[in-house]
Amino acid sequence: MASIEETLALWAASLREIKKRIRPLFRQERVAANAGLFLEGLLSDEQRKTGWMRAEAAGDPGPWRQQAILGRRDWDADALRDIVRDYVIEHLADDDAVLVIDETGFLKQGKASCGVGRQYTGSAGKITNCQIGVFAAYVSRHGHAFIDRALYLPKQWTDDPDRLEAAYVPADTGFATKPKLATAMIARAIAASVPFKWVAADTVYGVGDIEQQLRQAGKGYVLGVSSAHVFQSWGKRRPVSGTAADIASTRRSSDWKRLSAGDGTKGPRLHDWCYLELADLDVEEFNSANQGLWTRGLLIRRHIADGDLAFFTTWCPAATSIETLVAVEGHRWAIEDSFETAKNEFGLDHNESRSWHGWHRHVSLVMLAFAMMAVIRHRANPPPPKKSNAGPRQKQKQKRRHAVIDPLVNPGNPPRRHQTGSKADPTRPHHRMVTLA
């Protein structure tokens with residue numbers, strides 16, 4: 001565990017490092033300096049990360065310099081995305097990592113913001129006026145952070161050239177479904193040699209090209225599917241065939257196993273689980289670089305209190321345990337937590353720009369701020385080794401040593417002097433990083 005002084009030093013050094021990394025994106029030093037001030041604004045204690053708030057924190061008389069970073073300067077948001085990805089992998093890489101795909105909504109008023117429209121978002125739990133962003137998060141035992149993002153454009157946008165031009169959407173941008181955006185993210189991660197073993201996603205992404213893409217890439221997956229998704233087994237002693245819901249209804253009580261998908265805010269996230277191996281296939285059929293049998297399967301989750309069911313199509317090396325698959329599915333919690341943290345602490349949904357470039361620039365800068373704090377968390381409080389032969393007394397010492405500092409405790413500037421003696425606000429959705437006594 002790092003001391004408070006060491007953590008503050010990490011914070012300052014990390015901020016200098018990421019400013020240095022993004023400097024080549026900008027032609028002029030003053031524009032790079034403004035981008036650095038933009039980042040500091042995202043990391044500040046202000047709850048609203050608006051242009052005026054960031055300008056006040058930067059000592060500017062108005063928000064114009066802050067707004068210019070998003071809309072009026074020529075720099076490549078995709079290059080920043082790649083910098084974020086490389087920074088995350090440099091510090092959090094693990095061969096057993098899970099790439100998690102999910103989406104989140106950005107509530108909006110009016111019709112001018114790029115991609116806005118009446119569409120369903122889980123952020124509001126209903127159909128409402130919003131933008132939808134699809135994200136990829138890298139989740140490993142060292143921590144988790146976003147490494148990719150894409151703004152979803154509904155067909156009413158891509159079918160309207162005037163609207164696209166007004167929002168400065170690149171001319172070669174056409175309609176792409178959310179799964180297609182996800183396959184592009186997975187392809188970018190593979191092309192960049194990002195080390196990961198699994199992909200996890202919800203029902204939006206559980207069918208279609210993603211399964212074939214991951215099999216060919218030699219990656220395992222746990223992908224959500226609907227209750228009407230049809231499964232069929234072959235070569236197994238207990239053949240099954242039918243919809244996921246029908247198959248679940250025929251399971252015996254002995255087929256279910258109570259397992260935790262990971263620890264949540266209230267302790268282990270326990271559910272009842274059932275796993276059916278549907279077929280063993282030679283992986284060389286999909287990827288000549290791999291050998292051996294892989295298993296096509298169906299994973300079913302049942303809520304303990306109300307019996308509500310969720311279904312997942314799986315692909316994994318033969319003899320993979322149900323515990324491993326449940327743990328992979330549980331990694332999806334990390335991106336949900338990341339969305340909440342990024343919105344509440346870093347202003348992910350506080351973007352005031354209406355353009356295509358403005359959205360991607362703002363979101364990429366937030367991703368960088370989030371990644372910086374994830375790296376600080378890892379460096380200040382690294383995880384124990386994967387395997388340990390330590391005795392009970394040593395394990396207790398390790399537990400105490402690795403349980404103190406949360407990196408996102410204060411995704412802002414180090415506390416100022418007038419904050420000395422203050423207490424963390426219990427109404428905040430996340431703990432603050434450091435409180436000086």
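Among contacts in the protein chain between residues at least 6 apart in sequence, those that join residues at least 24 apart make up 64%. The model is a predicted one, and its chain contains 14 helices and twelve strands. Of its 437 residues, 52% count as buried.

The average pLDDT is 85, and 86% of the residues reach a score of at least 70. Over residues 388–437, by contrast, pLDDT stays under 50. For that stretch the model has 89 contacts beyond four places in sequence.

Helix α1, residues 4–22, packs with helix α5, residues 77–92; their axes lie 10 Å apart and form an angle of about 140°. An angle over 145 degrees would count as roughly antiparallel, and α1 and α5 are therefore oblique to each other. Their crossing is right-handed. On the side of α1, the residues that take part are S14, E17, I18, R21 and I22, which meet L80, I83, Y87, E90 and H91 in α5. By class, the residues of this contact divide into five nonpolar, two polar and three charged.

R21 belongs to helix α1 and has a relative accessibility of 24%. Because buried requires a value under 20% and exposed a value over 50%, R21 counts as partly exposed. Apart from residues up to four places away in sequence, R21 touches I83, Y87, E90 and H91. Between R21 and L80 there are 9.2 Å from C-alpha to C-alpha, although the two are 59 residues apart in sequence.

Helix α12 spans residues 332–346, and its axis is 11 Å from that of α13, at an angle of about 105°. That angle makes α12 roughly perpendicular to α13. In this contact S338, T341, A342 and F346 of α12 meet V366, A369, F370 and M373 of α13. The contact of α12 with α13 has six nonpolar residues and two polar ones, with no charged residues.

Helix α13, which covers residues 356–380, also holds L368. With a relative accessible area of 1%, L368 is buried. Leaving aside neighbours within four places in sequence, the residues in contact with L368 are I18, I22, L39, L80 and V84. Of these, I18 and I22 are in α1, and L80 is in α5. The C-alpha atoms of L368 and R85 are separated by 8.8 Å, while the two residues are 283 apart along the chain.

A further buried position is found in another helix. T158 is placed in helix α6, residues 155–158. Its relative accessibility is 16%, so T158 counts as buried. Beyond residues up to four places away in sequence, T158 touches L153, L164, G174 and F175.

Methods. Residues are numbered from 1 along each chain as its sequence is written. This is a predicted model: local features need pLDDT of at least 70, side-chain atom pairs count only at pLDDT 80 or more; totals for chains, interfaces and linings use all residues. Side-chain values use heavy atoms; hydrogens and water are left out. pLDDT is the predictor's confidence in each residue, from 0 to 100. Contact means heavy atoms within 4.5 Å. Helices (H or I, at least four residues) and strands (E, at least two) are DSSP runs, numbered from the N terminus. Buried means under 20% relative accessible area, exposed over 50%, partly exposed in between (1.4 Å probe, protein chains only). Axes are lines fitted to C-alpha atoms, for helices over the stretch in contact, and angles run from 0 to 180 degrees between N-to-C directions. Angles under 35 degrees count as roughly parallel, over 145 as roughly antiparallel, 65 to 115 as roughly perpendicular and the rest as oblique. A crossing is left-handed if the near helix is turned anticlockwise from the far one by less than a right angle, and right-handed if clockwise. Ala, Val, Leu, Ile, Met, Phe, Trp, Tyr, Cys and Pro count as nonpolar, Asp, Glu, Lys and Arg as charged, and the others, Gly among them, as polar.
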